[in-house]
Amino acid sequence: MSLTLTRRYWIYYNYNVKHSEVKQKMLERLQTIEDRYHTLNEKLSDPEVINNPNKLREYSKEQADLQEVVQVYRQYKTVTEELKDAKSMLEDDLDEEMEEMVKMELAELTEKETELEEQLKILLLPKDPNDDKNVIMEIRGAAGGDEAALFAGDLYRMYSRYAESQGWKTEVIEAHSTGVGGYKEIIFMIHGKGAYSKLKYENGAHRVQRVPETESGGRIHTSTATVAVLPEAEDVEVDIHDKDIRVDTFASSGPGGQSVNTTMSAVRLTHIPTGIVVSCQDEKSQIKNKEKAMKVLRARVYDKFQQEAQAEYDETRKSAVGTGDRSERIRTYNFPQSRVTDHRIGLTLQKLEQILEGKLDEIIEALLVEDQTKRLEEIGS
């Protein structure tokens, strides 16, 4: 055997051995998950658990989290059994027509087995604990003056439309509008299961290239707006003590400092340990403004701790789509060419109008696939 053939043989052999070991470990893990799912079913029928709201909630959530994995695993086991039976039939003395039918079935089952195996790999990836949470989004006009503020307004409208298409609810917490119709800053919450899992990739600097309405010469201007996406933090996740918060109240105002409320309903919260400041004047009630401000403050403090923890990880283990760096220019919206480009994955779509109307599924799905692919590569390396 030549050296080249020998090398090819060992590469092929080592690949198959490694693949076989990984697959075996995956199947063992899946069986453990199915066993746990079965145990949870029994626990949820236990009168002691039924009469204990905390335990019932805990086990119900755990079971719900495992359900999709178990369903796909059971499909996979059925297909592998059918595949085994089909292969066994080929060993029998079949007539030509029957043999052809079995071979066709074998091909279909093999394809289905591969699809389910890939699906299981993705389902077994470590889940971001924040994925099912509501999100707080903060959009700010950056470089470009009034044009940046107008673009911030476009982005807010885009995310609002996307949230609506997902059946989610949008709630404005704080908005600083400009006289031209845009926003210097707008902070809003999106309520909906899985909101963070889809919107977390929107963190970063968004760039727009277009001719402003005020530009008589028809020159294309480039402006930017920044987007921050924070998972809503629960009380149990962030321990914020009253003594660590300074509360200031003031009269709310409109664009250009115009007074819109003579009562001291606006609230500013300062988290003394971190220096994080949040203000809210959207509501006429001081109590409601404080409640909204606390949601944002809790989310920002939680996010700060997360960012610090993430910074400790090895750079090679970070997601390639860059969900954490908000100074990163992630996307360009080019109006003259009706083009949107996501620079992280090199995706360009000639669908500017549709995207600004909230049709973000194609971009978000591509980012999700890229993230999953990179994480699968890390596991296999």
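**Notebook: charge pairs, patches and core**

I began with Arg-246 and Asp-248, whose side chains meet in a salt bridge with 3.5 Å from N to O. I take a salt bridge to be a side-chain nitrogen of Lys or Arg within 4 Å of a carboxyl oxygen of Asp or Glu. This is a predicted model, so I note that local features need pLDDT of at least 70 and side-chain atom pairs count only at pLDDT 80 or more, while totals for chains, interfaces and linings use all residues. Residues are numbered from 1 along each chain as its sequence is written, and side-chain values use heavy atoms, with hydrogens and water left out.

I then looked up the exposure of this pair, where buried means under 20% relative accessible area, exposed over 50%, and partly exposed in between (1.4 Å probe, protein chains only). Arg-246 counts as partly exposed because its relative accessibility is 44%, and Asp-248 is also partly exposed, with a relative accessible area of 25%.

**Other salt bridges**

How many salt bridges does the structure hold? I found 24 salt bridges in the structure. As a general point, side chains of opposite charge can pair when their charged atoms come close.

I looked next at Lys-55 and Glu-58, whose side chains form a salt bridge at 4.0 Å, N to O. Both residues lie in helix α3, residues 53-90, and they are three residues apart, about one turn of the helix. For helices I use DSSP runs of H or I with at least four residues, and for strands runs of E with at least two, numbered from the N terminus. Lys-55 is partly exposed at 34% relative accessibility, and Glu-58 is partly exposed with a relative accessible area of 44%.

In helix α4, residues 96-123, I found Glu-118 and Lys-121 three residues apart, again about one turn of the helix. Their salt bridge has its closest N and O atoms 3.2 Å apart. Glu-118 is partly exposed at 37% relative accessibility, and Lys-121 is partly exposed at 24%.

I also noted a network of salt bridges that links Glu-138, Arg-140, Glu-185 and Arg-300.

**Surface patches**

For patches I count residues with over 30% relative accessible area and no salt bridge, joining like charges within 9 Å and nonpolar side chains (Val, Leu, Ile, Met, Phe, Trp, Tyr) within 5 Å. Accessible areas come from the Shrake-Rupley method with a 1.4 Å probe, and for residues only the protein chains shown count as cover. Asp and Glu count as negative and Lys and Arg as positive, with His and the chain ends not counted; the place of a charge is NZ of Lys, CZ of Arg, CG of Asp or CD of Glu.

I found a negative surface patch formed by Glu-81, Glu-82, Asp-85, Glu-105, Glu-108, Glu-111 and Glu-115. The elements giving two or more residues to this patch are α3 and α4, and the largest share, four residues, comes from α4. Glu-111 lies in helix α4 and is exposed, with a relative accessible area of 51%.

The nonpolar patch I looked up is made by Met-89, Met-98 and Met-101 and covers about 260 Å². Met-89 has its place in helix α3 and is partly exposed, at a relative accessible area of 33%.

**The nonpolar core**

Which residues have the most contacts inside the largest nonpolar core? They are Met-137, Ile-139, Leu-155, Tyr-159, Ile-190, Leu-199 and Tyr-333, in a core of 34 residues. Elements that each supply at least two residues of this core include β1 (135-141), α5 (146-165) and β3 (183-191), and α5 gives the most, with eight residues. Such a core is a set of buried Ala, Val, Leu, Ile, Met, Phe, Trp, Tyr and Cys residues joined through side-chain atoms within 4.5 Å.

**Single residues**

Ser-338 has a positive phi of about 50 degrees although it is not a glycine. In general, most residues other than glycine have a negative phi. Ser-338 lies in the loop between β9 (329-334) and β10 (339-342) and is partly exposed, with a relative accessible area of 28%.

Asp-131, in the loop between α4 and β1, counts as buried at 12% relative accessibility. I found its C-alpha atom 5.5 Å from that of Gly-194, with the two residues 63 residues apart along the chain.
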